[in-house]
Amino acid sequence: MKKLSIIAFLGLSTLAFSQEAQKPAEPRKKDNALLVKTDPAELEAKKKAAEEKGKLPKPYNPKADAQADINKLVAQAKKEGKNIIIQAGGNWCIWCLRFNNYVQTTPALKSILDKNYLYYHLNYSPENKNEKVFSNYINTKEQQGYPFFIVLDKDGKKLHVQQSDVLEEGKGYSEEKVKEFFNTWTPKS
């Protein structure tokens, strides 16, 4: 009886094991998708910003020899008795493009700019970070918000570095704040 029980047990175990082994494995669901919830308002805002960026002038030149350009501006500034405003940023930066467009199309600001300054766009982008040029005016190890402005006197001496966020108002710039910034750094006669 003992032998019979052991044989029956082994037979049933073998039968159960073979049925389990023959059962096809369930296929794993392949889910490589990254789920990101998107806010329709955020998507719409990004779309509008991209459209706006496409329409604005692109004043930054990643291929420019920025140091040579600035040297020429210093020579010109000496002759004309003007200071220099360097706008640091890139064509990738919507706020950089907005500022440039704003001062170029706001008559009161354009007038102050043209009368008192030479205006240069110093490129910062993956194609050309202009690190050597930037290091003449700022600590390049510190994080910068773009655009920012470097004001030079007619001899090329740094007078001031200005962050742009204090000039903002809503989704643009404040005429009064920009005017005050420009007027503060006009050349002293």
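Which side chain does Glu42 meet in a salt bridge? The partner is Lys46, with 3.5 Å from N to O. Keep in mind as you look around that this is a predicted model.

**Salt bridges**

Glu42 and Lys46 both sit in helix α2 (residues 40–55), 4 residues apart, which is about one turn of the helix. Glu42 is partly exposed, with a relative accessible area of 43%, while Lys46 is exposed at 54%.

Glu52 pairs up with Arg98, and their closest N and O atoms are 2.7 Å apart. Arg98 is buried, at 15% relative accessible area, and Glu52 is partly exposed at 28%.

The count comes to 7 salt bridges. Here are some of them side by side:

| Glu42 | Lys46 | 3.5 Å |

**Aromatic rings**

Back to Arg98 for a moment: Arg98 also lies over the face of Trp95, 4.8 Å from the ring centre. Trp95 is part of one aromatic cluster, together with Phe99, Tyr102, Tyr117, Phe149, Tyr173, Phe181 and Phe182.

The model has 13 aromatic pairs. One of them is Phe134 with Phe148, a tilted pair with 6.0 Å between centres and 45° between planes. Phe134 is in helix α6 (residues 131–135) and Phe148 is in strand β3 (residues 148–152), so this pair ties together parts that are 14 residues apart in sequence. Phe134 is buried, with a relative accessible area of 3%, and Phe148 is buried too, at 0%.

Phe149 and Phe181 make another tilted pair, 5.6 Å centre to centre with 45° between the planes. Phe149 lies in strand β3 and Phe181 in helix α7 (residues 175–184), so the pair ties together parts that are 32 residues apart in sequence. Both of these residues, Phe149 and Phe181, are buried.

**The disulfide**

Last stop: the structure holds 1 disulfide. It joins Cys93 to Cys96, with 2.4 Å from S to S. The torsion about the S-S bond of Cys93 and Cys96 is about 80°, so this disulfide is right-handed. Cys93 and Cys96 are both buried.

Methods:
Residues numbered from 1 in each chain as written. Predicted model: local features only at pLDDT ≥ 70, side-chain atom pairs only at ≥ 80, totals over all residues. Heavy atoms only, no water. Disulfide = S-S within 2.5 Å. Buried < 20%, exposed > 50% of the residue type's maximum accessible area, 1.4 Å probe, protein only. Phe/Tyr/Trp six-rings, centres within 6.5 Å; stacked < 30°, edge-to-face > 60°. Helix = DSSP H or I, 4+ residues; strand = E, 2+ residues; numbered from the N terminus. Lys NZ or Arg CZ within 6 Å of the ring centre and 35° of its normal. Salt bridge = Lys/Arg side-chain N within 4 Å of Asp/Glu carboxyl O.
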